[in-house]
Amino acid sequence: MTTVNSETYIAEINDLDKKGSGRAVVWRDIGEVNPRKLKLTIPQTLPSEKVRVTVGQPDRRRTRVMPEEIVEAHPERVAPPCPHFERCGGCVWQHWTYTGQLNEKTNHVKKVLEQQGFDPSLVHDTIGMDNPWHYRNKMEFTFSKEGDLGLHELGNWRKIISLETCLIAGKDMVEATMEVANWAKAHELSGYDKDTHEGLLRHLMVRQSFATGEIMLGLFATEGPTGELEVAAKDLEDRITTKFPKVKSLMWFKNTDWGDRTQAEESHILAGRDFIYDEMLDYRFRIWFDTFFQTNPTQAQKLVELALEMGKPKETEKMIDLFCGVGTFSLPFASRVGKLAGIEIVETSIESAKRNAKDNGISNTYFLAKDARRGIDEVLESFGIPELLLLDPPRSGAGGKVMRRIGRAQPERIVYVSCNPDTFAIDIKELEPFGYELVEVQPVDLFPHTTHVECVALMSRVDESV
């Protein structure tokens, strides 16, 4: 609805922000000598497009508006196939050809590296997917306070879009999710209100192994499945076990924390076990509800293969896997080196890594639950200087202190697996004073139709005198 003070403009998209929305600048003629600049963020637009927008509060210097009309469309614009696209905050680039998305991701990696003084020609073209749909093996859906199950609205985390489908989740996952949504409605169970902190149902986590087909359903609620909820819980068990034989883990988690996260104070197994099995490169992993495991198994396997190709592990070498998680990279590398030490601050992940190594018959590993910087010191003292070091840090990056500690350790080769090119470029800059050069960077698209891109990079020590 247009307000009395609203103003309409034809805006040209200059570039995109980190969330994938278009950015534009328009000049307001306010009757003074110099016009006033108004900076606009316009979702669902592409570079160089001209769009019609109406600004409801033009006195604000920066504002976010939705496009009313695409006046001049980008040649790579396509019709988004998902019925939720205009409202959903998930797949923000469904209106862009997949080739266009991949080119944008390659250019972004080149740009952030060039800003740090690296040669952008070292960046290869982003590796995409043959089929960039139904690629996720994990989804988290949220209940609205009315009890509807769905996804967050674009730009509004308090508004939930009732789920009809999801084109990036596995089809079995979507069908099981819809059954849980129907169950909640049948029992008239309330959803959680983030403002009043009242209500029962909060989230549904769905995980499926593409290798084994096993599915985990984890329901997060403010109460456990006891007392008056026993009947509803038994009905959920019957519905799921009858209709979905692939579900090998049906869990009910109690979570009363105000934080909007899938965490648990209590866990109850309604059916099956509390984990599912997954596989990658013929290695088997146990996956619990809180296990970090790459959410795109097809592309994650390419990450591991690229890391092996760049790292060139040898049987005579020692290796450190920093931020090792449950051993996704550790196990394939351990089979190719003499000894491997994995470091991870999350104790449950380290326990999983130990168990996964044992399950796969790997005995040349040592896993340590400690923060990265102190963990490196402890491992170097007992382990010696490794020829190869791999790190796969979180989106915030490893940080200067950790990178400088790696540089002082002087491994021959460093393989950096990154989920954030911006922090990756800053991190590897820290290695240059220690005699390292960037050899190559391979972006990989793990999240089609989003702004995210992963990278695998090789740094080699070239100055032996440092």
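Colleague: Is Cys-419 buried or exposed?

Modeller: Buried means under 20% relative accessible area, exposed over 50% and partly exposed in between, with a 1.4 Å probe and protein chains only. Cys-419 has a relative accessible area of 17%, so this residue counts as buried. Please note that this is a predicted model, in which local features need pLDDT of at least 70 and side-chain atom pairs count only at pLDDT 80 or more, while totals for chains, interfaces and linings use all residues. Residues are numbered from 1 along each chain as its sequence is written, and side-chain values use heavy atoms, leaving out hydrogens and water.

Colleague: How many disulfides does a search of the whole structure find?

Modeller: A disulfide is a covalent bond between the sulfur atoms of two cysteines; here the criterion is a pair of cysteine sulfur atoms within 2.5 Å. The search finds zero. For Cys-166, the nearest cysteine sulfur belongs to Cys-91, 6.2 Å away. The sulfur of Cys-419 has its closest cysteine sulfur in Cys-455, and because the separation is 9.8 Å, they are too far apart for a bond.

Colleague: Which residues have the most contacts inside the largest nonpolar core?

Modeller: In soluble globular proteins, nonpolar side chains tend to be buried together. A nonpolar core is a set of buried Ala, Val, Leu, Ile, Met, Phe, Trp, Tyr and Cys residues joined through side-chain atoms within 4.5 Å. The largest core has 85 residues, and those with the most contacts inside it are Val-180, Trp-183, Leu-201, Leu-217, Leu-219 and Phe-333. Another core, of 37 residues, lies apart from it and includes Leu-380, Met-403, Phe-424 and Ile-428.

Colleague: How many aromatic pairs are there?

Modeller: Rings of Phe, Tyr and Trp (its six-membered ring) pair if their centres lie within 6.5 Å; planes under 30 degrees apart count as stacked, over 60 as edge-to-face and the rest as tilted. The count is nine. Trp-183 and Trp-252 have ring centres 6.2 Å apart and planes at 85 degrees, so they are edge-to-face. Trp-183 is buried, at 0% relative accessible area, and Trp-252 is buried at 0% as well.

Colleague: Where does the charged end of Arg-284 sit?

Modeller: A charge sits over a ring if NZ of Lys or CZ of Arg is within 6 Å of the ring centre and within 35 degrees of the ring normal. The charged end of Arg-284 is over the ring of Tyr-277, 4.3 Å from its centre. Arg-202 is likewise placed over the ring of Tyr-192, with its charged end 4.0 Å from the centre.
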